[in-house]
Amino acid sequence: MPSLYDTNTLRAIEARELARLAPLALMQRAAAALTDALTDLARARPARSPILSLIGPGNNGADALLASLELRRRGFDVRAVLMSPGMPSAADARAAHARAHSGGLPMSDTLSAQALDGALVIDGLFGIGLSRQIGRAHV
């Protein structure tokens, strides 16, 4: 599937929006759109089906964390797995982590095959900032 925008264009659009918006605003918009889309998907699944968020170290992971927190508030069984040690370096991503923690989102740093079984998975691992080859995960 062809891309709508190349990485440089996406980065320019994001930089322009970040410069004009309040902190966390762009991240909250992304999380709201993701939450709305996933709410429809989750409601079509069997009751109490788990939602598992795989959280990377950047803003994409933070978007997924904020969406996961809102999905939990909507009554879904959501858990987040932090796939990278430590806190992110970006201020907005750190703020999203703090919100998820204070909001009671269950988070761990361990991914098991059982957690994936039957789960709707949110990919919050990689975004436009990825500049290396993707390695293999071991579950």
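A search of the whole structure finds six salt bridges. By salt bridge I mean a side-chain nitrogen of Lys or Arg within 4 Å of a carboxyl oxygen of Asp or Glu. Before I go through some of them, a word on the model. This is a predicted model, in which local features need pLDDT of at least 70 and side-chain atom pairs count only at pLDDT 80 or more, while totals for chains, interfaces and linings use all residues. Residues are numbered from 1 along each chain as its sequence is written, and side-chain values use heavy atoms, with hydrogens and water left out.

Now the salt bridges. Side chains of opposite charge can pair when their charged atoms come close. Helices here are DSSP runs of H or I with at least four residues, strands are runs of E with at least two, and both are numbered from the N terminus.

Are R20 and E17 buried or exposed? R20 counts as exposed at 55% relative accessibility, and E17 counts as buried at 14%. The cut-offs are under 20% relative accessible area for buried, over 50% for exposed, and partly exposed in between, with a 1.4 Å probe and protein chains only.

The next pair is D36 and R74, with a salt bridge at 3.2 Å, N to O. D36 lies in helix α2 and R74 in the loop between α3 and β2, so this pair ties together parts that are 38 residues apart in sequence. D36 is partly exposed at 42% relative accessibility, and R74 is partly exposed too, with a relative accessible area of 36%. These two residues also belong to a network of salt bridges that links D36, E70, R73 and R74.

One more pair is R79 and D77, at 3.8 Å, N to O. R79 is partly exposed, with a relative accessible area of 44%, whereas D77 is buried at 16%.

On to the sheet. Strands of a sheet pair through backbone hydrogen bonds, either parallel or antiparallel. Here there is an open sheet of four strands in the order β3-β2-β1-β4, with parallel pairing. Two strands count as paired if DSSP finds at least two bridges between them. β3 and β4 stand at the edges, each with a single partner strand, so one side of each has no neighbour in the sheet.

Let me take β1, residues 51-55. Five of the five residues of β1 are buried, so the strand is largely enclosed by the rest of the structure. I51, S53 and I55 point one way, and L52 and L54 point the other way. Which strands are joined to β1? Five bridges join β1 to β2, residues 78-82, and the two run parallel. Another five join β1 to β4, residues 120-124, again in parallel. L52 shows both contacts: its bridge partner in β2 is R79, and its bridge partner in β4 is V121. R79 is the residue I mentioned in the salt bridge with D77. I51, for its part, stands opposite V78 in β2.

How does the chain get from β1 to β2? It crosses through helix α3, residues 59-73, and this β-α-β crossover is right-handed. Right-handed means that, with the strands pointing away from the viewer, the path from the first strand over the helix to the second runs clockwise.

M107 counts as partly exposed, at 27% relative accessibility. The C-alpha atoms of M107 and I55 are separated by 9.5 Å, and the two residues are 52 apart along the chain.

R48 lies in the loop between α2, residues 25-43, and β1. Most residues other than glycine have a negative phi, and most peptide bonds are trans. R48 is not a glycine, yet its phi is positive, about 65 degrees. R48 is exposed, with a relative accessible area of 60%.
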